[in-house]
Amino acid sequence: MLLETLANDRSFELTTKDEVFEELDEVCGPDIEYLIAGHTHLRRARERVVQRGKYYFNSGTWIRILRIPKAMLSEEQFPEVERRLRDGSMEELEKPLPDFPEGLVHTLRTVVCIEPDGRGVVRGMLLNIAAVGASWRREVVPGSTLPPAASAT
Amino acid sequence: MSSELHDIKTVSLRIVRDGPTHNHLLSPLTAYLAMVGPYEAVSIRMPYEHRRLMRDLSALRYRAGTSRGPDPSLVSISERRIIADDIGGIFAAVPGLTSEMAPESACDGSLTHLCLVFSAAELSLLPFELATSPRGFPGEGSPLSIQSNAPVVMTRSIPGALGKNCRWDREPRVLFIAAQPPGFERVPIKAHLLALTKALGPWIGSSPRLPGSRTRTRRALLDKYLTVLPDASLQKIEEACRRTPFLTCTSWHTAHCWMRGASRSSPWHCTVPAATRSW
């Protein structure tokens, strides 16, 4: 069932049109330059459907989320995933997996940043608040900068 | 984008209300208990009637020039400012929060994570992210979420579910009960069935025939998880519960009920046909 469900899963892709996006895109006016949402667990950065050149960002969630990498659904790897799921403890779910050091459960602290770049072009982007020891730093989420730098005018 | 190091300071504001999570409307008459860290809990009230907030939220969606939705002019710029100030006032009413959010209590360059925890579902309607920074908060008088004195990230959550034992690997069983006694309007059975079928998609698959089970149609698979009583009576419900492979009613994970009917003497009782009693 997991193989079938996750085969074409695009839940974690930034540009996926989920129900929250579709509803907000419809109910919010097309003149809004940047439509920002949050608290829906899956972060997003994409152009709006109702109006080209307008953008939608969702900062996702700061609580832990479960993600099963597709590579872990193979016959060789999945028994370990199943064992951890059946164990039922957060400690087991958080332990690093082979090739996936973040484990099955991890935290993605994301914020939305909208600011002018060095040429004065206003851009939106998602930033990871990534742990560095006891401190944190901001990292741009790849592919989240909108409008993309290459298409800037 | 700079990548300088920062500390993160987490401040949790817990707002709780007596009673169940759902089925409450916002009202200035409702008292909530607000708690921050080790500080004394305080009683607060929300400055909104439910209907007024819904109107304001609709207008704040800026649907100017579209055929649907209210005109944003229903909420003027000054009114938007009032909404933001009202929300900021909720924060200001919690002395412990002011202490925790004070700029001087944060290290230079730190990021403050303001974690809002609600036990009352109706509070999720309030646009806390719109709040004007109240006195004692960083960037006083500016929008709290985007003031640049000391960055604040607001998140929302519900009280933790520690101690709940939720089994993830049980197959669902849904009992859909519907009844439309004579004299009452029809119930939207088809729409609810479609929604339930969609929710059961992970178990029944999205294609009519599933690989490896050519003889079993999707309908047959659906029957395994969903039992429908479109013309329910108490007797039929009882028989359906008895027919399940399990002996107790708790074998149903969900009973999805849709019924029309109410007696004037007991308006909260749904009635089903051929029933000797109501429930």
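## Thr155(B) and its surroundings

In this predicted model, the side chain of Thr155(B) makes a polar contact with the side chain of His113(B), at 2.7 Å. Thr155(B) sits in strand E5 of chain B, which covers residues 152-157. With a relative accessible area of 10%, Thr155(B) is buried, since the cut-off for that label is under 20%.

Who else is in contact with Thr155(B), once its neighbours within four places in sequence are set aside? From chain B there are His113(B), Leu114(B), Cys115(B) and Leu116(B), and from chain A there are His39(A) and Trp62(A). Asp56(B) is another story: its C-alpha atom is separated from that of Thr155(B) by 22 Å, and the two residues are 99 apart along the chain.

## Strand E4 of chain B

His113(B), the polar partner of Thr155(B), points one way from E4(B) along with Leu111(B), Cys115(B) and Val117(B). Thr112(B), Leu114(B), Leu116(B) and Phe118(B) point the other way, and both sets are buried.

E4(B) pairs with E5(B) in the parallel sense, over 6 bridges; here Thr112(B) stands opposite Val152(B). E4(B) is also joined to strand E1 of chain B (residues 8-16), again running parallel, through 8 bridges. In that pairing, Ser12(B) has Cys115(B) as its bridge partner.

## Salt bridges

Over all chains, the structure holds 22 salt bridges. One of them links Arg48(A) to Asp25(A), with the closest N and O atoms 2.8 Å apart. Arg48(A) is in the loop between strands E2 (44-47) and E3 (55-58) of chain A, while Asp25(A) belongs to helix H2 (residues 19-27) of chain A, so the pair ties together parts 23 residues apart in sequence. Are these two buried or exposed? Arg48(A) counts as buried at 2% relative accessibility, and Asp25(A) is buried too, at 4%.

Chain A has another such link between Glu33(A) and Lys54(A), whose closest N and O atoms are 3.0 Å apart. Glu33(A) lies in the loop between H2 and strand E1 (34-37) of chain A, and Lys54(A) in the loop between E2 and E3 of chain A, so this pair ties together parts 21 residues apart in sequence. Glu33(A) counts as partly exposed at 46% relative accessibility, whereas Lys54(A) is buried at 14%.

## A helix pair and a network

Over in chain B, Arg81(B) forms a salt bridge with Asp85(B), the closest N and O atoms being 3.4 Å apart. Both residues lie in helix H2 (residues 77-92) of chain B and are 4 residues apart, about one turn of the helix. Arg81(B) is partly exposed, with a relative accessible area of 43%, and Asp85(B) also counts as partly exposed, at 35%.

Back in chain A, Glu80(A), Arg83(A), Arg84(A), Glu92(A) and Lys95(A) are joined into one network by salt bridges that share partners.

## Aromatic rings

How many aromatic pairs are there over all chains? The count comes to 6. Ring pairs link Phe91(B), Phe118(B), Phe128(B) and Phe137(B) into a cluster, and Phe118(B) is one of the buried residues of E4(B).

How values were computed. Residues numbered from 1 in each chain as written. Chains lettered and ligands numbered in written order. Predicted model: local features only at pLDDT ≥ 70, side-chain atom pairs only at ≥ 80, totals over all residues. Heavy atoms only, no water. Helix = DSSP H or I, 4+ residues; strand = E, 2+ residues; numbered from the N terminus. Buried < 20%, exposed > 50% of the residue type's maximum accessible area, 1.4 Å probe, protein only. Contact = heavy atoms within 4.5 Å. Polar contact = N/O pair within 3.5 Å; in protein donor to acceptor, adjacent residues only side chain to side chain. Salt bridge = Lys/Arg side-chain N within 4 Å of Asp/Glu carboxyl O. Phe/Tyr/Trp six-rings, centres within 6.5 Å; stacked < 30°, edge-to-face > 60°. Pairing = 2+ DSSP bridges.
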